[in-house]
Amino acid sequence: MFTARMESDINGSRLILENPEMKNVGYKSRMLIENHITGFLECNIVYAEGKENYVYDTTSKTSLYNIYEHEEMNHKMLYVLIESIICGMEAAGEYLLPVKHLILDPRYIFVENNTGRIFWCYYPGSYNTLKEVQYVKGRYE
């Protein structure tokens, strides 16, 4: 599994994912970094302390979890989310990226504040299925 942290400064906000056990993800990292994939968060890899950190730009975006933590999702947003899942899967396929690395946890699905567009976090180091995301006492684990 990976560890995640958020950082913010005057240059924007970032989601940083790290998995010390991740080995040899090959072309998936290069595809993610070297291409602007529609619907995916922009990503860079930063090497620090011998670790590979995937840094995603989340400036002007809010996680789906934070948006719907205290309110219900309406049918329009549910439609947009389902449509976005399809687009994310198609985009992954266009770049020969396995769909299983799209993170389906609401903490890592981001909505652009001014447009409502959904952006996916694609992380080749690990993956979750919806079945594996657990909702426990008001939070996801």
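The protein averages a pLDDT of 86, and 87% of the residues score at least 70, where pLDDT is the predictor's confidence in each residue, on a scale from 0 to 100. This is a predicted model, in which local features need a pLDDT of at least 70 and side-chain atom pairs count only at pLDDT 80 or more, while totals for chains, interfaces and linings use all residues. Residues are numbered from 1 along each chain as its sequence is written, and side-chain values use heavy atoms, with hydrogens and water left out. Over residues 133-141 the pLDDT stays under 50, and for this stretch the model has 18 contacts beyond four places in sequence, a contact being heavy atoms within 4.5 Å.

The protein has three helices and nine strands, which from the N terminus on run β-β-α-β-β-β-α-α-β-β-β-β; helices (H or I, at least four residues) and strands (E, at least two) are DSSP runs, numbered from the N terminus. Among contacts between residues at least 6 apart in sequence, 63% join residues at least 24 apart.

Four of these strands form an open sheet in the order β1-β2-β4-β3, with antiparallel pairing, two strands being paired if DSSP finds at least two bridges between them. Its edge strands, β1 (3-9) and β3 (43-48), each pair on one side only, and the twist from one strand to the next averages 30 degrees. Strand β2 (residues 12-18) is joined to the antiparallel strand β4 (residues 51-57) by five bridges, and Tyr54 in β4 is the bridge partner of Leu17. Helix α1 (residues 27-34) packs on the sheet, where it touches β3 and β4, and its direction makes about 120 degrees with that of β3; here axes are lines fitted to C-alpha atoms, for helices over the stretch in contact, and angles run from 0 to 180 degrees between N-to-C directions.

Which residues of α1 are buried? They are Lys28, Ser29 and Leu32, where buried means under 20% relative accessible area, exposed over 50%, and partly exposed in between (1.4 Å probe, protein chains only). Because they cover an arc of only 100 degrees around the axis, they lie on the same side of α1, the arc being that of the directions from the helix axis to the C-beta atoms. These buried residues pack against β3 and β4, whereas Arg30 and Glu34, on the other side of α1, are exposed.

Buried residues make up 41% of the 141 residues in the protein. The largest nonpolar core has 32 residues, and those with the most contacts inside it are Leu17, Phe40, Tyr54, Tyr56, Cys121 and Tyr123; such a core is a set of buried Ala, Val, Leu, Ile, Met, Phe, Trp, Tyr and Cys residues joined through side-chain atoms within 4.5 Å. Two or more residues are given to this core by each of β2, β3, β4, α3, β6 and β7 (118-120), and α3 gives the most, with four residues. Leaving aside its neighbours within four places in sequence, Cys121 is in contact with Leu15, Leu17, Leu41, Tyr56, His101, Leu102, Ile103 and Tyr108.

Two loops call for attention to the backbone. Most residues other than glycine have a negative phi. Ser60, in the loop between β4 and β5 (61-63), has a positive phi of about 65 degrees although it is not a glycine, and at 43% relative accessibility Ser60 counts as partly exposed. Leu96, in the loop between α3 (75-94) and β6 (109-112), likewise has a positive phi, near 55 degrees, and Leu96 is exposed, with a relative accessible area of 61%.
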